[in-house]
Amino acid sequence: MTTARFYCQYCMASLLGKKYVLKDDNPYCVSCYDRIFSNYCEECKEPIESGSKDLCYKGRHWHEGCFNCTKCNHSLVEKPFVAKDERLLCSECYSNECSSKCFHCKKTIMPGSRKMEFKGNYWHETCFVCEHCRQPIGTKPLISKESGNYCVPCFEKEFAHYCSFCKKVITSGGITFHDQPWHKECFLCSGCRKELCEEEFMSRDDYPFCVDCYNHLYAKKCASCTKPITGLRGAKFICFQDRQWHSECFNCGKCSVSLVGEGFLTHNKEIFCRKCGSGVDTDI
């Protein structure tokens with residue numbers, strides 16, 4: 001470049017003896033360069049002149065003195081920071097504002113550190129421990145109670161009941177029959193082996209039976225309708241000598257009036273009210 005042609009590419013002013021900036025091999029006076037090419041600071045909205053340091057992050061620009069945490073205003077120059085919702089935050093402010101808090105110690109779980117999540121809550125890995133042995137649970141199986149979380153061995157040792165049928169640990173749910181614990185899926189009819197946890201059932205000699213099996217094997221039959229007498233849901237029945245009746249079946253064999261709570265007479269297999277039985281050769 002000869003001195004005769006050494007002038008600003010934009011305003012054509014001579015650059016001899018003056019400061020200038022080269023852009024794409026073309027010289028510009030400082031004033032023109034700043035006006036044409038300077039980036040504008042995200043914070044103060046002023047141009048970042050050629051003599052100032054231009055700090056750039058994801059296409060956005062700041063003066064060195066404007067590159068600060070938007071919450072505490074401390075400088076972020078050469079320090080770690082996080083961008084959130086177009087804001088720049090130092091690590092401490094980001095942690096206080098955005099990071100999860102440990103359910104156990106209530107302290108911030110710092111970005112980049114490992115955290116454990118369970119039932120919508122978060123723990124430091126070192127805080128997520130078995131309530132009994134105090135060892136970290138990590139990703140191992142666990143069982144939760146109101147008193148805390150337990151690894152499986154400690155839960156079995158401290159709390160677990162063992163199923164009366166399969167002898168294995170009952171970790172949740174289960175039912176009790178004759179003061180003995182059972183898995184729901186192990187509580188079966190002693191006759192047909194049907195699951196009874198959602199069914200009505202009867203007991204005989206400390207064994208559970210579904211209603212059908214109990215009726216077939218053990219239930220007495222009504223002397224009138226011949227259907228089984230189960231006594232379920234508090235149903236009442238009448239016994240006389242070696243015979244039984246549903247209360248609604250205990251009626252006069254002639255006029256069908258109910259004999260529940262009334263005097264009656266018998267003749268062979270028949271029962272009668274006193275009025276109907278008075279003309280029959282009855283037994284008292």
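**View 1. Aromatic pairs, with F250 and F264 as the example.** The predicted model holds 21 aromatic pairs, counted where ring centres of Phe, Tyr or Trp (its six-membered ring) lie within 6.5 Å. F250 and F264 form one that is edge-to-face, at 5.2 Å centre to centre and 85 degrees between the planes; planes over 60 degrees apart count as edge-to-face, under 30 as stacked and the rest as tilted. Because F250 lies in the loop between β20 (243-246) and β21 (264-267) and F264 in strand β21, the pair ties together parts 14 residues apart in sequence; strands are DSSP runs (E, at least two residues), numbered from the N terminus. F250 is buried, at 2% relative accessible area, while F264 is partly exposed at 22% (buried is under 20%, exposed over 50%, partly exposed in between; 1.4 Å probe, protein chains only).

**View 2. An aromatic cluster.** Y57, W62, F67 and F81 form one aromatic cluster.

**View 3. Lysines over rings.** The charged end of K115 sits over the ring of Y122, 4.4 Å from its centre. K145 lies over the face of F159, at 4.9 Å from the ring centre. The criterion is NZ of Lys or CZ of Arg within 6 Å of the ring centre and within 35 degrees of the ring normal.

**Notes.** Residues are numbered from 1 along each chain as its sequence is written, and side-chain values use heavy atoms, without hydrogens and water. In this predicted model local features need pLDDT of at least 70 and side-chain atom pairs count only at pLDDT 80 or more, whereas totals for chains, interfaces and linings use all residues.

Terms used: Helices (H or I, at least four residues) and strands (E, at least two) are DSSP runs, numbered from the N terminus.
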